[in-house]
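Colleague: I have a model open and want to learn to read it. Can we start with how helices pack?

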Amino acid sequence: MNFIYGNLQVALDGLMTGALYALIGMGMALIFGVMRIVNFAHGAFLMLGMYATLVFYQPDVFAVQLISVLGRFGLPTPEFLTRMAQVHQFLNPYIAFLIGGALMFVLGYVIYLGLIRPIKGQEAFMVILVTMGLSLALVDAAQLVFGADYHQINMPLKDLNIHLGPHLLLNAPWLVSFGIALLLGFALYWFVMHTMFGRAARAVAQNRYSAPLMGINVNRVQAVSFGIGAAAAAIAGGLLLPMLYVFPFVGNEYRLKSFVMVVLGGMGSIQGAALAGLVLGLVENFTSRYWGNQWALVVDFVIFILVLSFKPSGIFGSQRA
Amino acid sequence: MSRNLQAAIAGAIVGIALLLPAFLHTDYTLQIIFRIFLFAALGLAWNWVGGYSGQLSLGHAAYFGAGAYGLALFARAGLPPWPAVGCAVILSMIFAALIGKVSFRLRGPYFALCTIAFAEVLRLTAKNLPNVTGGDVGMQVPALFKYSTTQSFYYASVLLTALAVALTYWIERARFGYSLMAIREDEDTALSVGINTPRTKLYALLLSAALTAIGGALYASMFLYIVPDQVLAMEVSTEVAIVAMLGGAGTLLGPLVGAITLESAAEIFKAWFQEAHLLIYGILIIVVVLFLPEGIVGTISRKLAVFKAAPIPPFTEKPRPGAKAETTRAAVLK
């Protein structure tokens, strides 16, 4: 009996992690599907989303750090920063993550126009290099502004556990994040499948040379898709904030992981990536339980290599978004 | 720049480098130049795969780390240092054969990602097996030279670069090299004119892995101590690739110029910007890709070529009537 409940608990935890992975993977799949580019800054976007949520939840943490950075360069402290440093709590993280997502959308749009669009016709490798450089720059900038310290937020919800029967237990923040992620995942799916923009995005994904002949502004569609993809990563980051520590390198492990989902889900299919995210969450949690946490990422990459070598068109969702 | 001019400049750089220790008396400067030549050699080795045959690998940390850990592990098993280096090279080539077998079937971003995944699996495995590799605590590496001064390692790195330059010089003129370049230009056409593309690519990777492993062993032995996050890190793979891209992929002189530029820039950034040096480094990568996609040597060559002769107009393919759109599977593998 214990064995069953133990595994069931792991499966439940896996699904909750998986829903957040799904959101990250869907963002990456949208970017990959519409542009055929590998975004190596996806993890950095996630990290930025976490910090943005943190800033809106506890402005003082950010303000104090920024004042000290400005002080080191001998710059005067602006008035609003000193006032910000007084505010201990501002917005609930479950509201703040939306602002983080919106900001990331704008940043993603700008990044597309400034960095990705100029090298569109070139090798895919060039985009990997550019986004890698971007990721390095963003992570180091975050370290400059926020410091290398680990931050963790405290909120009353954190210690709340919901008991399902005598053996199963759900952590409240995970549950809330899971619910929101699920909702947003379905919303994104609906958006891509049923709106005019989504139709245009799928047309570009299918054939970017004939899409403009149908009157689609490819550049705009790609810029918006990049923004949405980046926002999805940032939102997932904001939703992860209540449970995880935030530090500048927190996104690094998601760099490749998000692409594992894209490959597993079948090259730019967003529903496939979502399913793959759930599966990845389950696989990681079971790996952690039976082999130890440190092997989870290894298993991810081994799955990735196996899928690439035996079924490069992906396992879920044969249809391409 | 003609190939002979490039080779002459490369030879001159190596020659000057061999004389340098007579004028430099600080170990620190010598260590920096050691790093320049180490990465020049690694970049040249990467160039055989990434430059001439166009297989843009981002997993060379696997071979670098195999060299470093191979030396440490075989030495612990009782081998003397130099035979241990030989075994490490063989280990690295075995990895290369395995990685090449899987990843050479993929094209474009999938190839690059697959090579990263392999290198990451190796790094995480090295981290997770404390009984074998010491895990995160790290491992001791034997000294390769009796008088293990910075100078001996410096000469070794310059000689390794000289070897890489010589091999590149040979490849540029050999049938093997022409096959590689044909694969870069159009793999399907290369296949159709009778080039055994899988085998040719594999040979290039094996050669590249062997030289990279020697570089890894040198690096490890120089610092006498290694940890997975240092020698198997993705940063190593990226740096090697960027060295070659910055200088000019597919040219003999490129990686050498790239290593000199990038490594000295990195040192200057560290001194000037301190904590912000990675920020500047990231921006440098972006600037190189946006404004110098052909690399320094590639751009200069093109500028110089303008004075020589009118360029041959590019061959443009006429659209065939009723040409079919690419199928899903072909698009995936592209």
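This is a predicted model: local features need pLDDT of at least 70, side-chain atom pairs count only at pLDDT 80 or more; totals for chains, interfaces and linings use all residues.

Modeller: Start with handedness. A crossing is left-handed if the near helix is turned anticlockwise from the far one by less than a right angle, and right-handed if clockwise. Here H12(A) and H5(B) make a left-handed crossing. Helices (H or I, at least four residues) are DSSP runs, numbered from the N terminus.

Colleague: At roughly what angle do the axes of H12 of chain A and H5 of chain B cross?

Modeller: Axes are lines fitted to C-alpha atoms, for helices over the stretch in contact, and angles run from 0 to 180 degrees between N-to-C directions. Helix H12 (residues 296-310) of chain A and helix H5 (residues 109-128) of chain B cross at roughly 145 degrees, their axes coming within 9 Å.

Colleague: How many residues of chain A are in contact with chain B?

Modeller: Contact means C-beta atoms, placed from the backbone, within 7 Å. By that rule, 36 residues of chain A touch 37 residues of chain B. H6(A) gives the largest share of chain A's side, 14 residues.

Colleague: Is A:Val250 buried or exposed?

Modeller: Buried takes 20 or more other C-beta atoms within 10 Å; exposed, 12 or fewer; partly exposed lies in between. A:Val250 has 23, so A:Val250 is buried. A:Val250 sits in the loop between H9 (218-240) and H10 of chain A.

Definitions and conventions: Residues are numbered from 1 along each chain as its sequence is written. Chains are lettered from A and ligands numbered from 1 in the order in which they are written. Helices (H or I, at least four residues) and strands (E, at least two) are DSSP runs, numbered from the N terminus. Two residues are in contact if their C-beta atoms, placed from the backbone, lie within 7 Å.
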